[in-house]
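I opened this entry to look up two things.

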Amino acid sequence: MSERRKSLVVQVRAHRAPAGDWIGEGFTATKRIGNAVIRNRAKRRLRAASRELLAHYGRPGCDYVFIARMGTATVDWTRLLDDMKSALISLGACLDESSGQS
RNA sequence: CCAGGCGGCCGGGCAGCCGCUGUUGCCGGCCUUCGGGCCGGUGAUGGAGGAAAGUCCGGGCUCCAUGGAGACAGGGCGGCGGGUAACACCCGCCCGGCGCAAGCCGAGGGAAAGUGCCACAGAAAGCAGACCGCCGCUGACUUUGGUCAGCGGUAAGGGUGAAAGGGUGGGGUAAGCGCCCACCGCGCGGCCGGCAACGGUCGCGGCAUGGUAAACCCCGCCCGGAGCAAGACCGAGUAGGGGGCGCACAGGGCCCGUCUCCGGCCAUGCGCCCCGGGUGUGUCGCUUGACGCGGCCCAGCAAUGGGCCGUGCAGAGGAAUGGCUGCCCCUUUCCGCCAGGAAAGGACAGAACCCGGCUUACAGGCCGCCUGGUCGC
């Protein structure tokens, strides 16, 4: 499942068969958002933000993918942190809901 | 001071907190074939560019291919000399064009070997060409000025065009024509200067040879293919695979880009022996190299070459070299009590085996030299 915000998209999925208690993470930026300099900067900011937030708001045993959008490299740092935090909280709620159903 | 030309350089700085990665020191743990390797902690130190870009040339390096002769293709280069590992690069010079000048631009060999093309306009466009005009002769008419018709001569003039078969001036002529003459241009030959491209000069010819070769072509010189996902190693060693020897040999296949001749090689079946291992995993290749930078000296107009001293400067691998904050610098806008304050912005762009170039992109800024003009001394 995925959550989209103004400055980024976050996807999450539980580990396959041998599930661990660690958190997997990946970062990507498509050519749509700019040249190599812009894409690298966007991925570095996502990496820096996830380092601050994933330990608190991420779920062990899950893999997260962070996808850069047009504004990722340029928006305010606090705005990027807010967007990522709210996306992670929403995904956590969805995970609880789906595990409760099954 | 204004306008312009050329060359070179920089392309944000400082600090704090938290991270990534290469190398290395120490400590601890694990493994070991005792060489070392891996993990964790801690300290030191290095960590994008002038274009890292486009991947357009030239090389190094790696693997593959590589038998001789002849013929024919294909691609590239193109004034001359020098530099270089090499080049389509660089330097100097020559020629032509542009600019008052400093300077800039030029695919700049050959169009009297051949072929093709040259629209429109125009009478005529490559065996040149009589539309108007000019001139002569004959005839008719006549208001005695000429007019008309026919036959000739003529490329000076008009008009068309990108281009009209040398140009200007004079002589000559019925009018004209290199028909003749002078100068310029062109061609041929000699002499002089220069390594040469080429320049100068003298003589002769007497106008012949339109343009286009980034059209085919001709001439001269050069040229194997692929690329680090090249390639090598470790590893469990199944199938396929490869090599050697012996036996059997019809047609066939392969070997320089193609063809011809000559020459060489080979598979297929059986037996015996040996080698060896698929993989964007791991390790190596991987950064010390025609190396860069800072001085000094020598040769050279210069590009560059040589010598000495010092110094070092990234090596990732779904891809590190960063994230955030504060102050300063520059630009724009706004407020203003004209002291200052606030906000926004700071280009082009990210190494991927490594060098030498070219080309393209680029906010802002610095330095030096030169040319023309103006003002003052």
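I began with RNA strand B. Around RNA strand B I find N35, A36, V37, N40, R41, R44, R45, R47, A48, R51 and W77. I keep in mind that this is a predicted model.

Which part of the strand faces the protein? I looked at the atoms of RNA strand B that come within 4 Å of the protein, and sugar and phosphate make up 74% of them.

I then sorted the nearby surface by class. I get 5 charged, 4 nonpolar and 2 polar residues near RNA strand B. By element, helix α1 (residues 36-57) gives the largest share of that surface, 9 residues.

For R45, a side-chain N or O atom sits 2.6 Å from a phosphate oxygen of RNA strand B. R44 is placed otherwise: I find one of its polar side-chain atoms 2.9 Å from a sugar or linking oxygen of RNA strand B.

The largest nonpolar core holds 23 residues. Inside this core, V10, L46, Y64, F66, M84 and L88 have the most contacts. I traced its sources: β2 (8-14), α1, β4 (62-68) and α2 (77-101) supply at least two residues each. The top contributor is α2, with 7 residues.

What does L88 touch beyond its neighbours within four places in sequence? I list V10, L53, L54, Y57 and Y64 as its contacts.

Conventions
Residues numbered from 1 in each chain as written. Chains lettered and ligands numbered in written order. Predicted model: local features only at pLDDT ≥ 70, side-chain atom pairs only at ≥ 80, totals over all residues. Heavy atoms only, no water. Near = heavy atom within 4 Å. Polar contact = N/O pair within 3.5 Å; in protein donor to acceptor, adjacent residues only side chain to side chain. Helix = DSSP H or I, 4+ residues; strand = E, 2+ residues; numbered from the N terminus. Nonpolar A, V, L, I, M, F, W, Y, C, P; charged D, E, K, R; others polar. Core = buried A, V, L, I, M, F, W, Y, C linked by side-chain atoms within 4.5 Å. Buried < 20%, exposed > 50% of the residue type's maximum accessible area, 1.4 Å probe, protein only. Contact = heavy atoms within 4.5 Å.
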